[in-house]
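Visitor: I have a structure open and would like to go through its side-chain contacts. Can we take it a topic at a time?

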Amino acid sequence: MTTTHANFPAPGSARHAGGMLTRLTRDQRYSFLAALLAWSMDTFDYFMLVLVLPDIARDPNFGASATQLAFLTTATLVMRPFGAFLFGIWADRVGRRGPLIADVLLYSCTGILCAIAPNITVLLILRAIYGIGMGGEWGLGAALAMEKLPPARRGFFSGLLQVGYPIGYLMAALAYLMITALGVSWRWIFVLSIIPALTTLLLRRRVTESEAWQATQRNMGATRTTIRDILRDRRVVKRFGYLIVLMTALNWMAHSAQDVYPTFLQADQDSGGAGLSSSAASWIIVCYTLGAIAGSVVFGALSERLGRRRTIVLAAGLALAVLPLFIFPTNGLAFLVLGALLMQSLVQGAWGVVPAHLTEMSPDAIRGFYPGVTYQIGNLFAALNLPIQEHLAAGHGYPFALGWTVGPALVAVIIATSLGAEAKGAIFGASPAAAPIPAGSAPASSSAPAPFGVDGT
């Protein structure tokens, strides 16, 4: 198996700087907007189900207990890594465009069927199938978008892509408010999910195939390299394990800072909560959601100057410093709001780097498979966070629960990120086997494998 590397432009060169000045083509815009909507759908799906669970439990015609309904989110999360694997391998073999369109059709149709599920068993099966579809979406969408965007602008658009997370949250909240205001059944929220899904599908139909994937296929044909060869590469396997650890830490950081916080804001002071009204808590949530949007874009763009790893470490380190403001309501309402705003902007700031960092660390030949599977496995492990936080809060109060989940997660992100590597500015489609190496780090032609650490192992 032969490995080749391209001559990457050094930072600051005309070719590198030109990427910052070039306007996006229509194809690049469509691929990015489709990925943004898909990521919003991912978040919309998660929070949509969380919001309607109490309504489903109260529905006498459905006949499901709260314990049974808890398995709905679990079924979706468990099946997502399988979806990332199936659609990822398919996309690495036949191209990005076809599998992405099939993926959108799968979760769109399944989402509609959820609206007419007659009982908990059918809904559970449909949510599991939906998980397969959503599992394949994030990795493929991010890979296609990052492969098409100019290398020097990946950091900025990576941060902009992560804005899809708070957008999805707001979409779910607005959809729930709409069905509540209209007094219609909870089933209609599943029908509403078809709108962003179909919009994503229409955009995807206008996107051409990834040029990076086509170049990789030519390189693999010339060197007689197969996907099986790459998956057997020890460095690729080690890097895969490392990225799962990194994504678990990052997902745990995000979930620990977000999942239980709305409950903490309204919990009574005897349990360590802020004791706020639902209205006051809602306004704080709006404030820190706006902070998350700003942080994602700012830190994503900053990663083009500082590098991917340094930016993630910086965001997590600053988040550690503001942790006392974030978890102690005794500091006063003003400091609590400030702490929530800063924490969410820093947490999402770290995440703003992830789409670029993860796709750049992925081997060209398996970029459809690599980012999605590592992200979804990390997300699955992080799903344990919420029950752990609620258990700790029941015995020791919410500040304790937040402090002993958010704090260690931030430390884990700093350590895991520092021990890895990055490939900022790499040109996709140049080397099918090894992960792309940083710009200016390799000679024009090299048959030697990347040194230890360069590929993230």
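Predicted model: local features only at pLDDT ≥ 70, side-chain atom pairs only at ≥ 80, totals over all residues.

Visitor: Let's start with R96. Which residue does R96 form a salt bridge with?

Guide: The partner of R96 is E147, and their closest N and O atoms are 2.8 Å apart. This pair links distant parts of the chain, 51 residues apart. R96 sits in the loop between α3 (66-94) and α4 (97-114), while E147 belongs to helix α5 (residues 120-148).

Visitor: Is R96 buried or exposed?

Guide: R96 is buried, because its relative accessibility is 0% and the cut-off for buried is under 20%. E147 is buried too, with a relative accessible area of 10%.

Visitor: Why would two such side chains pair at all?

Guide: Side chains of opposite charge can pair when their charged atoms come close.

Visitor: OK, on to E304. What does E304 form a salt bridge with?

Guide: E304 forms one with R308, with 3.2 Å between the closest N and O atoms. E304 has a relative accessible area of 16%, so E304 counts as buried. R308 is buried as well, at 0% relative accessibility.

Visitor: Which residues do shared partners join into one network?

Guide: Salt bridges that share partners join D92, R96, E147, D364 and R367.

Visitor: Change of topic. How many residues does helix α16 have?

Guide: Helix α16 (residues 333-351) has 19 residues. From first C-alpha to last, α16 reaches 27 Å, close to the 27 Å expected at 1.5 Å a residue.

Visitor: Which residues of α16 are buried?

Guide: Among them are L336, G339, A340 and M343, and also Q344, S345 and W351.

Visitor: Now rings. How many aromatic pairs does the structure hold?

Guide: There are 20 aromatic pairs. One of them is F240 with Y370: the ring centres are 5.6 Å apart and the planes are at 55°, so this pair is tilted. F240 lies in helix α12 (residues 234-258) and Y370 in helix α18 (residues 370-382), so the pair ties together parts 130 residues apart in sequence. Y370 is buried, with a relative accessible area of 1%.

Visitor: What about Y261 and F326, how far apart are their ring centres?

Guide: Their centres are 4.2 Å apart and their planes are at 5°, so the pair is stacked. Y261 lies in helix α13 (residues 261-266) and F326 in helix α15, so parts 65 residues apart in sequence are tied together. Both Y261 and F326 are buried.

Visitor: Which residues form one aromatic cluster?

Guide: W39, W138, Y165, W351 and Y375 do. W351 is also one of the buried residues of α16.

Visitor: Last one. What sits over the ring of F428?

Guide: The charged end of R367 does, 3.7 Å from the ring centre. R154 lies over the face of F428 too, at 3.9 Å from the centre.

Note on methods: Residues numbered from 1 in each chain as written. Heavy atoms only, no water. Salt bridge = Lys/Arg side-chain N within 4 Å of Asp/Glu carboxyl O. Helix = DSSP H or I, 4+ residues; strand = E, 2+ residues; numbered from the N terminus. Buried < 20%, exposed > 50% of the residue type's maximum accessible area, 1.4 Å probe, protein only. Expected span 1.5 Å × (residues − 1). Phe/Tyr/Trp six-rings, centres within 6.5 Å; stacked < 30°, edge-to-face > 60°. Lys NZ or Arg CZ within 6 Å of the ring centre and 35° of its normal.
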